[in-house]
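Here is a short report on one protein model. Please read it with the sequence and the coordinates side by side.

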Amino acid sequence: MAEELQMVEMNRSDGATYSSNAPMTAGNGDGAAYRIPQATERDVLLSVQTSDCNGETMPSSHAADNRSNLGHTDPLQKKSLMCRMKRELNESLFWKVRLWMVIIFIFLIIFVVIIITLLVCSAIHEDPDESFDPSLFKVPLYFNGSFQLPNLAFREEFLTLSSNESQALAADFQEKIADLYISSPALGRYFSKAEINAFRNGSVVADYKLTFLMPEEGQDQLRNFTLNREMVYNVFRQFLYDQEADESELMYINPASLTCFVRH
């Protein structure tokens with residue numbers, strides 16, 4: 001016993017290290033026992049684990065902070081945050097109403113209010129240019145002109161507008177011309193009527209007459225800008241160039257043949 005103690009003291013003085021698992025002889029001479037090192041405070045903190053919302057174990061916040069300092073994102077921390085958000089959204093506010101239901105309901109209310117506001121504003125808003133009194137438009141302004149129908153063969157019945165064929169053909173063109181001017185944003189409110197005066201021989205040429213009505217106030221300005229010859233002529237010509245009719249149709253109007261002038 002004394003010899004063993006002396007050897008231990010000599011080894012300590014020489015700076016030798018012992019393994020924690022090295023066998024030590026007990027003083028009573030029994031079998032060898034292993035010495036278990038005591039856990040440090042840091043080891044205890046690193047070994048502490050918590051459970052997430054699914055019952056899985058998670059490292060302590062101290063360990064997570066160490067990994068975060070190393071520039072790594074802990075997926076378990078993200079999962080824990082998602083679980084927390086789910087728990088908060090599923091919290092029951094009253095009866096069976098959940099928090100997420102209230103949030104969705106609020107967004108729906110906001111959306112419905114916006115839609116109703118837009119509808120009300122569009123119904124109340126009135127464009128000043130669209131509000132006018134047609135009864136004030138009393139001063140007439142006339143335009144005459146002609147256009148050619150290259151696909152229509154001339155007939156004797158066309159010489160007089162009293163024949164059924166002439167009346168039917170004239171009605172078709174009068175309606176066509178009236179529609180194009182009524183749909184014009186600039187001239188629609190002033191347009192009154194369109195008339196076909198005659199059909200002439202050759203490749204059939206139709207003579208037309210346009211009537212516009214102006215208010216008594218601002219006549220000169222309308223004559224010089226809105227209802228001048230160039231405006232009336234260009235609206236008609238642009239319609240003819242935009243027409244989708246086949247050039248071989250009988251009702252086709254040759255745009256290059258269109259004429260227009262103011263009748264005084």
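In which strand is the place of Asn144? Asn144 sits in strand S5. This is a predicted model, in which local features need pLDDT of at least 70, side-chain atom pairs count only at pLDDT 80 or more, and totals for chains, interfaces and linings use all residues. Residues are numbered from 1 along each chain as its sequence is written, and side-chain values use heavy atoms, with hydrogens and water left out.

**Overall picture**

The protein has 8 helices and 8 strands. These are DSSP runs numbered from the N terminus: helices are H or I with at least four residues, strands are E with at least two. Of its 264 residues, 24% count as buried. Buried means under 20% relative accessible area, exposed means over 50%, and partly exposed lies in between (1.4 Å probe, protein chains only). The protein exposes about 19,100 Å² (Shrake-Rupley method, 1.4 Å probe). Carbon and sulfur atoms supply 56% of that area. Among contacts (heavy atoms within 4.5 Å) between residues at least 6 apart in sequence, 57% join residues at least 24 apart.

**Strand S5**

Asn144 counts as buried because its relative accessibility is 15%. Leaving aside neighbours within four places in sequence, Asn144 is in contact with residues including Asn197, Tyr208, Thr259 and Phe261. Its C-alpha atom is separated by 6.3 Å from that of Val262, 118 residues along the chain.

Ser146 is also placed in S5, which covers residues 137-148. Ser146 has 10% relative accessibility, so it counts as buried. The side chains of Ser146 and Thr259 are joined by a polar contact of 2.9 Å. A polar contact is a pair of N or O atoms within 3.5 Å; within protein, one must be able to donate a hydrogen and the other to accept it, and residues adjacent in sequence count only if both atoms are side-chain atoms. Beyond four places in sequence, Ser146 also contacts Arg200, Asp207 and Ser257, among others.

**Core**

In soluble globular proteins, nonpolar side chains tend to be buried together. The largest nonpolar core here has 38 residues. Such a core is a set of buried Ala, Val, Leu, Ile, Met, Phe, Trp, Tyr and Cys residues joined through side-chain atoms within 4.5 Å. Phe147, Ile177, Tyr181, Tyr208, Leu210, Phe212 and Phe236 touch the most other members. Two or more residues come from each of S5, helix H6 (164-182), strand S6 (191-200), strand S7 (205-215) and helix H8 (229-242). H6 gives the largest share, 7 residues.

**Two loop residues**

Glu157 lies in the loop between S5 and H6. Met251 is in the loop between H8 and strand S8 (259-263). Glu157 counts as partly exposed because its relative accessible area is 36%. Met251 is partly exposed too, at 27% relative accessibility. Leaving aside neighbours within four places in sequence, Glu157 contacts Ser163, Glu165 and Ser166, while Met251 contacts Leu149, Leu169, Asp172, Phe173 and Lys176.

C-alpha separations for these loop residues:

| Pair | Residues apart along the chain | C-alpha separation |
|---|---|---|
| Glu157 and Gln167 | 10 residues | 9.9 Å |
| Met251 and Phe173 | 78 residues | 8.4 Å |

**Pocket**

Which helix gives the most to the lining of the second largest pocket? Helix H7 (residues 219-226) does, with 4 residues. The lining includes Tyr190, Pro215, Glu217 and Phe225.

Methods:
On a 1 Å grid over the protein atoms alone, a cavity is a set of points where a 1.4 Å probe fits but cannot get out, and a pocket is an open set with protein on both sides within 12 Å along at least five of seven lines; lining residues have an atom within 4 Å of a point.
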